[in-house]
Amino acid sequence: MSPELTESRSRPASAAQPAAVIDIGTTSIRMAIAEIGEAGDVRPLTTLTQAVNLGRDTFTKGVIEKSTIEDCVRVLRSYKRVLAEYRIERPEQLRAVATSAVREAQNRLAFLDRIYTATGITVSPIDESEVSRITYLGVQPLIKLDPELAQQRTVITEVGGGSTELLLVHNADVHFSHTYRLGSFRLREQLEVFHAPQSTSRHIMETQIRRVVDQILQQVPSENVQQLVALGGDVRFAARQLFPDWNSAELTRLPLDRLEKLTDTVLSYNEDKLVHKYHIPFPDAWTLGPALLAYVQLARAFELNQIIACQINLRDGLLQELATRGAWNEDFNNQVMRSSLELGRKFDIDVDHARHVAKLCKILFQGLREEHQLSPRYELLLQVAALLHEIGMYISTGSYHKHTMYLIINSELFGLSKADETLVGLTARYHRRASPKPTHTIYTALDRDQRIAVAKMAAMLRLADALDASHSQRFHELRFSREGGRLVISVPQVEDLSLEQLALKQTGTLFEETYGMPVLLRKMRS
């Protein structure tokens, strides 16, 4: 089994560093190799694709069969030989991820261990939020370069084998992101369950798609959408059929009536005929019709007459992430904060208080770097926890900090993985009442470094919340000093600090437990 090269190879220039990403998806394993310049620019070199039917196993049987695992091993071993040719040998030069077909498999740990043992490649299953974040990284340059897409309300979506990712972008800002349990393999699975003949299979799929589309319209009304950009390989196939001369480096607009006619044709063929007619792998033939049908129905629901196809895919976002060495830039941080604030508004938070506590957390994080020694990534997580620390009041004012944790952990925040959301949820949970305890199972399930990070962030959040105990947003500047084993916070231009000092006394024990010093709040001496 040898991988198919879909682009010609070229040697990386000496001034740039070679890097590669591997995407283990529902129907195939793909690898992209690129060179990354010193300025973070990415130049694609080679793309390799090999069909492996992981989705058929996971979505019908719940596990990945041993024979499929060994198919994956053979593909990845062949990829390793290519990586060696490009001298991609260090761990930081390669990132390998797996999506829903691996993530949802009951034997995913056995799969990951076998891959690592056989190839030395560490594969990370990425959750829905990470897929949305990486997708955004890939499409962000495209959006900024196209004035029409940048200014209009644009839905960016990909119908995958197991799920559909959807982003609503306006003025290059993410206004909404969510992952829906709608996938081409899942649709095929429904047909298997119902033993549906071909004459009724389309109706069954349309019914399933319509249920999810109705959910989407509840969250993203049709009047809020002006453009639809589709990223999936299935819609790229459609673009090549409708426009054989399509330059894949550019956007192309597919008239919906022509796309629907192509979809009708594809759905009228069985998989064998699709493979023979279009020369596509069998797994792709299995998913093609359901995916195109989902795109058509989604465009109809948004009352659009065209779909924009582009070449951007998950691997583009992964390469962008490698180029930035995983750093979260200011633009990305703003997107995460905006998503968090939108979630807070749904639960009727005091927006002014939430924003001000987040601002104070930022001041504390930067002013106490010597004490907390956390990486910059935690600054964003702390600010998100600050924005959302009172959303639990929507359920009940009693033990609302526990409701807050539950809501955060069970929500989908753009750009944050489930692991990140857990850290945010726990930080918000400990902004009041009891400190972390061994009986708190979610907390104790973290590793040591994560537990320490949560305690440090929660202590700063308690401090910030106490500093706005009046909900009046009157503190805008803080000065820090260390005197006699105490942290002294001086506040300029404020006369009466009694309310904040009382709040600190009631909640400040976690800070002393974590950092080993009490906090003294006082007016700045003239």
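In which sense do S2 and strand S3 pair, and over how many bridges? Select residues 17–24 and 28–36: S2 and S3 run antiparallel over eight bridges. Strands here are DSSP runs (E, at least two residues), helices likewise (H or I, at least four), numbered from the N terminus. Two strands pair if DSSP finds at least two bridges between them.

This is a predicted model: local features need pLDDT of at least 70, side-chain atom pairs count only at pLDDT 80 or more, and totals for chains, interfaces and linings use all residues. Residues are numbered from 1 along each chain as its sequence is written, and side-chain values use heavy atoms, without hydrogens and water.

Stay on the hairpin. Three residues lie between S2 and S3. Gln17 faces Ile36 in S3. In S2, seven of the eight residues are buried (under 20% relative accessible area; exposed is over 50%, partly exposed in between; 1.4 Å probe, protein chains only).

Next, salt bridges (a side-chain nitrogen of Lys or Arg within 4 Å of a carboxyl oxygen of Asp or Glu). The whole structure has 27.

Show Arg345 and Glu342: N to O is 3.0 Å. Both sit in helix H14 (residues 330–346), three residues and about one helical turn apart.

Move to Arg522 and Glu483, with closest N and O atoms 2.8 Å apart. Arg522 lies in S15 and Glu483 in S13, 39 residues apart. Arg522 is buried at 16%; Glu483 is partly exposed at 29%.

Finish on Arg95, Glu130, Arg133 and Glu321, one network of salt bridges that share partners.
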